[in-house]
Amino acid sequence: MQLIQQVETSRMFGVEHFVFYVHSVSHSVLAALEYYKQVGVAEVQDWQYPPQMGDGVYFHQKTAVHDCLYRHTRTSRYLLFGDADEIFVPRSTGHLLPLLTSQFSEKPQCGSLQFLNTFYDINPHSKYDASALPDIGFIRHHNMTVLLRQERLNEIWPPRARSKLAVIPSRIQLLHVHFTSKFRGDYQECPLPSHQGLLQHYRTGLPGSLNKEHRPKALGFLPDPYLVNFAASIVRRVKTVLNDLGALGPDFNI
């Protein structure tokens, strides 16, 4: 359900295609991935590597990032690099395409945009009252955390601290997971103002590994129910996927 919520919310915001790098997954996640392959929304790369390489940093994530970049440099106008528990959320337009188009047009020196990260704790301690959401029974039954958890950390992390990128691929030569390492030409990295877009990161608990200089002085949560504005559309999309999966037979049941 975490994967389906992420994909359907991202599709609602304008993402057209997904590339998943899979090292190992559960049966239910594999069923969802196979469904998205069949409907032409995603491609799935089997991300295996020689045992002597070990697991590297996050299963050699930087290598996967560059594999995706070079596979799609000439196929996509924009590429966004994120994890399955993150959603690129446009805040000023409600759709990613006009947001990215306007940002890159207004700032022609930019080769990449940094979506700043904020954490949503998916532990069920939220004080947000979700009872007024449409189809709340369905939302609770399927634990739709993107709608049930509407409190985020009281800090938005600065650029390069857990931020993720949207890029014009032809302008990029090398990437880090959280920033651009080298451009093709005289381009630069541009942070996206948080009121225009955020990287909403859904996870259990708060990260313990961030550098101390990046930590807020006092950690806490504040209400930020922006996605509630799209609840009816997200629920409708998730229902469609679950119905389609059920129609495909027991091998696709989640």
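Is Phe 221 buried, exposed or partly exposed? I looked it up: Phe 221 is partly exposed, at a relative accessible area of 33%. My cut-offs are under 20% relative accessible area for buried, over 50% for exposed and partly exposed in between, with a 1.4 Å probe and protein chains only.

Ground rules. I am working on a predicted model, where local features need pLDDT of at least 70, side-chain atom pairs count only at pLDDT 80 or more, and totals for chains, interfaces and linings use all residues. Numbering runs from 1 along each chain as its sequence is written, and side-chain values use heavy atoms, with hydrogens and water left out.

Surface patch. I found Phe 221 in strand 13 (residues 221-223). Helices (H or I, at least four residues) and strands (E, at least two) are DSSP runs, numbered from the N terminus. Phe 221 forms a nonpolar surface patch with Leu 206 and Leu 219, with about 230 Å² of accessible area together. Patch members have over 30% relative accessible area and no salt bridge; like charges are joined within 9 Å, nonpolar side chains (Val, Leu, Ile, Met, Phe, Trp, Tyr) within 5 Å. The areas are Shrake-Rupley values with a 1.4 Å probe, and for residues only the protein chains shown count as cover.

Helix 1. I then went to residues 2-12, where nine of the eleven residues are buried. Among them are Leu 3, Ile 4, Val 7 and Met 12. The buried residues pack against several elements, including strand 1 (18-22), helix 2 (27-38) and helix 7 (231-247); contact means heavy atoms within 4.5 Å. After the helix comes Gly 14, with a positive phi near 115°.

Salt bridges. I searched the whole structure and got ten, counting a side-chain nitrogen of Lys or Arg within 4 Å of a carboxyl oxygen of Asp or Glu.

- Glu 8 and Arg 11 pair at 3.3 Å, N to O. Both sit in helix 1, three residues apart, about one turn of the helix. Glu 8 is buried at 2% relative accessibility, while Arg 11 is partly exposed at 28%.
- Lys 164 pairs with Glu 86, with 2.8 Å between the closest N and O atoms. Lys 164 is in strand 8 (residues 164-167) and Glu 86 in strand 4, so this pair ties together parts 78 residues apart in sequence. Lys 164 is buried at 2%, and Glu 86 is buried at 2%.
- Lys 239 pairs with Asp 135, the closest N and O atoms being 2.3 Å apart. Lys 239 is in helix 7 and Asp 135 in the loop between strand 6 (117-121) and helix 5 (136-141), so the pair ties together parts 104 residues apart in sequence.
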